[in-house]
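These are my notebook entries on one model, kept in the order in which I looked things up.

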Amino acid sequence: MSEPASISSGIAERYATAVFEIAQENNALAKLESGLDELANVLADSADLGALINSPLVSRDDQGKAIGAIADKMGLMPVLKKALGLMAEKRRLFVLPQLIEQLRAMIAEQKGEVTADVVTAKALTKTQSEKLAKTLEARVGKTVKINATVDDALVGGLVVKVGSKMIDTSIRSKLASLQNAMKEVG
């Protein structure tokens, strides 16, 4: 991990810990989770918001007003709104994606869930996704939430990553290993 990424992760973790503990004390983790999902969607869909949180040209005051207005419009819980305002004041909004990731991980751990990142050549159907989740649950012993993405470069098969474990059954990796075997022989 690079030093700037490590610093960003550390900053995000401190804010995430504070927000999580307050939400947990108020029995509001479900509301926090839904707010995070909505915030993540807005962040992914809005180039303007991405520019706002990353631009050094936008003043602290303008960042604070903008993020406060967004939080109000979205109906985010007060603790999250205050954290976002404080992050704007301290010029820390650039760690918002890491904050969302950290909070999601803390909530998942609290719920006994683990997220499986699944990359497939074609989109999974609901039935396939549910079957994969059940298979993974039996293997890891926790509730598994599937985070599915599509990469047509895989040709076929799938790549599953749960925590530090990765299972790669893609045609691309099989072709690569066959190519390496042929290079060794020839």
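Entry 1, helix 6. I began with helix 6, residues 96-111, which has 16 residues and reaches 22 Å from its first C-alpha to its last, close to the 22 Å expected at 1.5 Å a residue; the expected span is 1.5 Å times one less than the number of residues. For the assignments I use DSSP runs numbered from the N terminus, H or I of at least four residues for helices and E of at least two for strands. I noted that this is a predicted model, in which local features need pLDDT of at least 70 and side-chain atom pairs count only at pLDDT 80 or more, while totals for chains, interfaces and linings use all residues. Residues are numbered from 1 along each chain as its sequence is written, and side-chain values use heavy atoms, with hydrogens and water left out.

Which residues of helix 6 are buried? I listed Leu96, Leu99, Ile100, Leu103, Met106, Ile107 and Ala108, where buried means under 20% relative accessible area, exposed over 50%, and partly exposed in between, with a 1.4 Å probe and protein chains only. An α-helix has 3.6 residues a turn, so residues three or four places apart point the same way. After helix 6 comes Gly112, with a positive phi near 75 degrees.

I then looked at the largest pocket, which holds about 800 Å³ of space. A pocket here is an open set of points on a 1 Å grid over the protein atoms alone, where a 1.4 Å probe fits and protein lies on both sides within 12 Å along at least five of seven lines; lining residues have an atom within 4 Å of a point. The volume is the space filled by probe spheres set on the points, and the points are joined across faces, edges and corners.

Of the 24 residues that line this pocket, the closest to its centre are Glu101, Arg104, Ala105, Ala108 and Thr115. Which element gives the most to the lining of the largest pocket? Helix 6 does, with 9 residues, and at least two residues each come from helix 1 (3-25), helix 2 (29-45), helix 6, strand 1 and strand 2. I also recorded Ala108 as one of the buried residues of helix 6.

I found 4 strands in an open sheet with the order 2-1-3-4 and mixed pairing, two strands being paired if DSSP finds at least two bridges between them. At the edges are strand 2 (143-150) and strand 4 (165-168), each of which pairs on one side only. Neighbouring strands of this sheet are turned by 20 degrees against each other on average, direction ignored, with axes taken as lines fitted to C-alpha atoms and angles running from 0 to 180 degrees between N-to-C directions.

Strand 1 (residues 113-120) pairs with strand 3 (residues 158-162) in the antiparallel sense over 5 bridges, and Asp117 stands opposite Lys161 of strand 3. Strand 3 and strand 4 also run antiparallel, joined by 4 bridges, and Val160 has Ile167 in strand 4 as its bridge partner. These two strands form a hairpin with 2 residues between them, and Gly163 in the turn has a positive phi of about 65 degrees.

Arg91 has a phi of about 60 degrees; Arg91 sits in the loop between helix 5 (78-89) and helix 6 and is partly exposed, at 26% relative accessible area. Val155, with a phi near 70 degrees, lies in the loop between strand 2 and strand 3 and is exposed at 57%.

Lys174, in helix 8 (residues 171-185), counts as exposed at 51%. For the whole protein I recorded 8 helices and 4 strands, a C-alpha trace spanning about 65 × 40 × 30 Å along its principal axes, and 32% of the 186 residues buried.
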